[in-house]
Number of protein chains: 2
Amino acid sequence: MGLVVQKYGGTSVATPERISRVAERVVQSRKEGNDVLVVVSAMGDTTDELIALARAVNPNPPARELDMLLTAGERISMALCAMAIEARGVQAVSFTGSQAGILTDAAHGAAKIREIRGDRVRQALAEGKVVIVAGFQGVDPQSKEVTTLGRGGSDATAVALAAAFGAEVCEIYTDVDGVYTADPRLVSDARKLDEISFEEMLELSASGAGVLMSRSVEVGRRYGIPIHVRSSFNDHPGTWVKESTMEQAIISGIAHDVSEAKLTIRGVPDRPGVAAALFEPMAAEGVNVDMIVQNVSTDGTTDISLTVPKASLETARRIAQEVASRVGARGVEVDAAIGKVSLVGAGMKSHPGVAARVFRTLADAGINIEMISTSTIRISCVVREEDVTAAVKALHAAFEPPLVEEEVGA
Amino acid sequence: MGLVVQKYGGTSVATPERISRVAERVVQSRKEGNDVLVVVSAMGDTTDELIALARAVNPNPPARELDMLLTAGERISMALCAMAIEARGVQAVSFTGSQAGILTDAAHGAAKIREIRGDRVRQALAEGKVVIVAGFQGVDPQSKEVTTLGRGGSDATAVALAAAFGAEVCEIYTDVDGVYTADPRLVSDARKLDEISFEEMLELSASGAGVLMSRSVEVGRRYGIPIHVRSSFNDHPGTWVKESTMEQAIISGIAHDVSEAKLTIRGVPDRPGVAAALFEPMAAEGVNVDMIVQNVSTDGTTDISLTVPKASLETARRIAQEVASRVGARGVEVDAAIGKVSLVGAGMKSHPGVAARVFRTLADAGINIEMISTSTIRISCVVREEDVTAAVKALHAAFEPPLVEEEVGA
């Protein structure tokens, strides 16, 4: 029988009652003959509450101790989960990231998984036990220090374990029914997707769709592990993220993101090395630059605009001002009241008219576009923050995803 | 400079404000030139809350997972404590029981410390760091499983670490000012003791004085580590528990305990092997028998009475009934509405009149004595539970501890 990895997020394990429901589902899968490996996040808002405690004793808590603190969260949920499964007559054992052999680099708070040893996991599975592993955490084998993986870390743990142990599927249980064509809170007729390709999901995740983080989709793609995103509150099939989809939609979905701010450097002398002078120090200070737009120059100068997470705006502004005065640019402007709207779809590649239709749709809705960035399967527009909802609605109505591309000759 | 071990209980670290106060105290000791090793319990009622969560998902949680769960409690408080110390400009690092090399046996929930390796602790202290260690927990080196030490475990951790690293003193910070001659909630003129011997403290702890558990006093006595029991809320000197005390009190204190129940087996045939038949299975099932009283026999039968923790009463009753029917005893009676009152004092050894005075004092107060048990430095009486307060008050008034024994020739 095959191995199934099931990952349950914080809302799915927020209370003892919900943990018992998770246990029911795990036991059912076990009784159907599967080996089951469960990955859990911390209960409900535990992680936020622990961070608040940390800030109450130290406004700038040392990263090593913060990881020590936060890893207590999954330790609690994993042990409770194991107990709830045992209460149903099925043997279960919980392991921390360290015990499960999840080896990471040394970057506290943002560690990357390097390797999974997993001898104890393998042995427990061989003994017929359900194994519960703490998401979001690992250990740096050099220093023996406990690390956390940062945002989306529990999903990454689950997909990486699925890859390491050759699981048939990695099921990501969450509080929504799957991946939608747009945020259902904004668009009432948004539809759940049955399938989506890894590439499209990557673009959606990177564009603000919160249901699945890019890093777990990347691991799934690299190792060919199908990811089934579904609700922990019902038995409906969710969305399969997999190698390729039969349904070649022009547009799979529309994502939006209001967590970024825009920064513009005016009058940058248009000569080689200026962009490098700007973006090298940004990278060195960990500023996660998303969109970068540079127009052709006029009068030997150009404007460079970029978007960064709002949390990094002050750092980015400082760096930009230093670089601007060094290279003789005119000045730096920042704007936090922006939003990004993105269309994603593999079918877009062969439909050159999509971009034009996006711009026309937004223009007809009276929405001004401030920045544009595209990939082969994505078009992103920066608009005023207050226009985001109208833009998502207008685009969803115009494209009605998933529009299935007609097969040639069909 | 010497090493000081400071142990802070749950009430001392119940909130971020209190953790900050603990940090102040630790930093002060460090700045006075001491190496400081801190042992912390879980914050406030965390352990009880975690146990309640466990029971909500499994009425009979597996011991291995319960230990996994409960060890999250000290993980949280130790990390917060390290952060609060770092916030004051002093380097600090926290270690779990496992990381600190606290090796135990395999008894989940009631593990005993076998050995302390402590390489990481030693190195961190050598680097000038304050080291915070999670109390109450360790690791079984054979199975690599995390264990907890059971009741009083954090005190035991602190004294054992003090012994392992040759500390000058183990300071136990708590929510009272020290060890009292009787429970101040019952006796308004109870006095704080400045000093008490290990032996007397052992008897007081075993008789129900909750301020310090017997197991930590035993470790202190074995390795000669002075224990200073004091308040974390003020700077008053507390009570020193140490090798011998100058002050040879007849009575050091009066302890009481209402956590036990009484069990009596009537009409036990008075022949060799009966007591063994009763107490061997009790020990095998982990029933912690305290007092045992057997009268001289009449008509070839005798009554055996014993006290056990209320939590073990049902197990003890079942065993007693099995043994009673096997050996042909008349029957088994249980009584949970009892209390035990104990006088403790090293000076008692040379004062044969103390026991008589105890019995006279209780008789004058109209209190019936149901069982009596003595050691060389303790007299314990079982009375009705509702008579406990009156008994403690009467004895405290009669003996006014500490009554200092007159030195011969002084």
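Visitor: What rotation superposes chain B on chain A?
Guide: In this predicted model, the superposition of chain B on chain A has an RMSD of 0.2 Å and a shift of 0.1 Å along the axis. The relation is therefore that of a two-fold axis. The rotation is 179°.

Visitor: Which residue of chain B has the C-alpha nearest the axis?
Guide: The axis is the one about which chain B is rotated onto chain A. In chain B, the nearest C-alpha lies 2.6 Å from that axis. It belongs to Ala72(B).

Visitor: What percentage of the contact residues of chain B recur in chain A?
Guide: In the contact between the chains, 25 residues of chain B meet 25 residues of chain A. The same surface serves both copies. The share that recurs is 100%.

Visitor: Which element gives the most to the side of chain B that touches chain A?
Guide: H1 (16-31), H2 and H3 of chain B each give two or more residues to that side. By class, the side has 19 nonpolar, three polar and three charged residues. The element that gives the most, with 12 residues, is H3(B).

Visitor: How are H2(B) and H3(B) directed relative to each other?
Guide: The axes of H2 (residues 46-57) and H3 (residues 63-86) of chain B are 9 Å apart, at an angle of about 150°. Angles over 145 degrees count as roughly antiparallel. The two helices are therefore roughly antiparallel.

Visitor: How many charged residues are in the contact of H2(B) with H3(B)?
Guide: Residues of H2(B), including Leu50(B) and Ala54(B), meet residues of H3(B), among them Leu66(B) and Gly73(B). By class, this contact has six nonpolar and three polar residues. The number of charged residues is none.

Notes
Residues numbered from 1 in each chain as written. Chains lettered and ligands numbered in written order. Predicted model: local features only at pLDDT ≥ 70, side-chain atom pairs only at ≥ 80, totals over all residues. Axes fitted to C-alpha atoms, helices over the stretch in contact; angles between N-to-C directions. Helix = DSSP H or I, 4+ residues; strand = E, 2+ residues; numbered from the N terminus. Parallel < 35°, antiparallel > 145°, perpendicular 65-115°, else oblique. Contact = placed C-beta atoms within 7 Å. Nonpolar A, V, L, I, M, F, W, Y, C, P; charged D, E, K, R; others polar. Least-squares fit on C-alpha atoms with pLDDT ≥ 70 in both.
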